[in-house]
Amino acid sequence: MPRDRNSDEQKKWEKETQKKNEKEQEYIENKLATVYDIRLSSADFSSQKQLNLKLKLWNEQDGKCLYSGKIIEPEDLIKHSELVEIDHIIPFSRCGNDGLNNKVLVLTEENQQKRNLTPYEAWGSDDIKWKDFKNKLII
């Protein structure tokens, strides 16, 4: 019966994870409504396939682009999706990691400058830019 127990544990974990994600989404939507006077609709989510993930990353990053440090306005995130992108910090083509820990929300123009490079490859040769980038990661 170990298989049944593992299956039950998996189901329990999935249910807990789903509940946690729902609470986080509710928190973000409440924050948008109370702080920014933005109310999301189902049309917002249907027009942007990855809006949930973008909102999650936006919230985790305190509304900032991790490559430039610039503010990502929630209105732009929701209504002007072409201005922001989800980027793989280490390019997916080079590491195969599509996990959340390898993703950031960034301004499109910043992502285009980084190209298919790691952050160190993109900015490591410039001491000032590299130090600035590392400082953005320290919480």
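# Briefing: fold, pocket and selected residues

From the N terminus on, the elements of the chain run α-α-α-α-β-α-β-α-α-α. That makes eight helices and two strands. The model is predicted. Along the principal axes, the C-alpha atoms fill a box of roughly 55 × 40 × 30 Å. The chain has 139 residues, and 34% of them count as buried. Take the contacts between residues at least 6 apart in sequence: 57% of these join residues at least 24 apart.

**Second largest pocket**

- The volume of the second largest pocket is about 180 Å³.
- Its lining consists of Tyr67, Ser68, Glu110, Gln113, Lys114, Ala122, Trp123, Lys129, Asp132, Phe133 and Lys136.
- Three helices each supply at least two lining residues: helix 6 (108-114), helix 7 (119-123) and helix 8 (127-137).
- Helix 8 gives the most to this lining, with four residues.
- By class, the lining holds five charged, four nonpolar and two polar residues.
- Rolling a probe the size of a water molecule over the atoms shows where empty space is left.

- His88 sits in strand 1, which covers residues 84-88.
- The side chain of His88 makes a polar contact of 2.7 Å with the side chain of Asp98.
- Beyond its neighbours within four places in sequence, His88 is in contact with Tyr67, Asn97, Asp98, Asn102, Lys103 and Lys114. Of these, Tyr67 and Lys114 are also among the residues lining the second largest pocket.
- Lys103 belongs to strand 2, residues 103-107.
- Lys103 is a buried lysine, with a relative accessible area of 14%.
- Leaving aside neighbours within four places in sequence, Lys103 is in contact with Leu53, Leu57, Ile86, Asp87, His88, Ile89 and Asp98.

**Helix 3**

- Helix 3 spans residues 51-60 and is mostly covered, with eight of its 10 residues buried.
- The buried residues are Leu51, Leu53, Lys54, Leu55, Lys56, Leu57, Trp58 and Asn59.
- Leu53 and Leu57 of this group are among the contacts of Lys103.
- An α-helix has 3.6 residues a turn, so residues three or four places apart point the same way.

**Helix 6: Glu109**

- Glu109 is located in helix 6.
- Glu109 counts as partly exposed because its relative accessible area is 45%, below the 50% cut-off for exposed.
- The side chains of Glu109 and Lys70 are joined by a polar contact of 3.2 Å.
- Glu109 and Ser68 lie 41 residues apart in sequence, yet their C-alpha atoms are 9.7 Å apart in space.
- Ser68 is one of the residues lining the second largest pocket.

**Cysteines**

- How many disulfides does the count come to? The count is zero.
- Cys65 is in no disulfide, and the nearest cysteine sulfur, in Cys95, is 19 Å away.
- The cut-off is 2.5 Å between the sulfur atoms.
- Cys65 is buried, at 1% relative accessible area. Cys95 is partly exposed, at 38%.

**Positive phi angles**

- Most residues other than glycine have a negative phi. Asp37, Asp62 and Arg115 each take a positive value.
- Asp37 has a phi near 55 degrees. It lies in the loop between helix 1 (2-36) and helix 2 (42-47).
- Is Asp37 buried or exposed? Asp37 is exposed, with a relative accessible area of 58%.
- Arg115 has a phi of about 60 degrees. Its place is the loop between helix 6 and helix 7.
- Arg115 is exposed, with a relative accessible area of 56%.

Key:
Residues numbered from 1 in each chain as written. Predicted model: local features only at pLDDT ≥ 70, side-chain atom pairs only at ≥ 80, totals over all residues. Heavy atoms only, no water. 1 Å grid on protein atoms, 1.4 Å probe; cavity = no way out; pocket = protein on both sides within 12 Å on 5 of 7 lines; lining within 4 Å. Points joined across faces, edges and corners; volume = space filled by probe spheres on them. Nonpolar A, V, L, I, M, F, W, Y, C, P; charged D, E, K, R; others polar. Buried < 20%, exposed > 50% of the residue type's maximum accessible area, 1.4 Å probe, protein only. Polar contact = N/O pair within 3.5 Å; in protein donor to acceptor, adjacent residues only side chain to side chain. Contact = heavy atoms within 4.5 Å.
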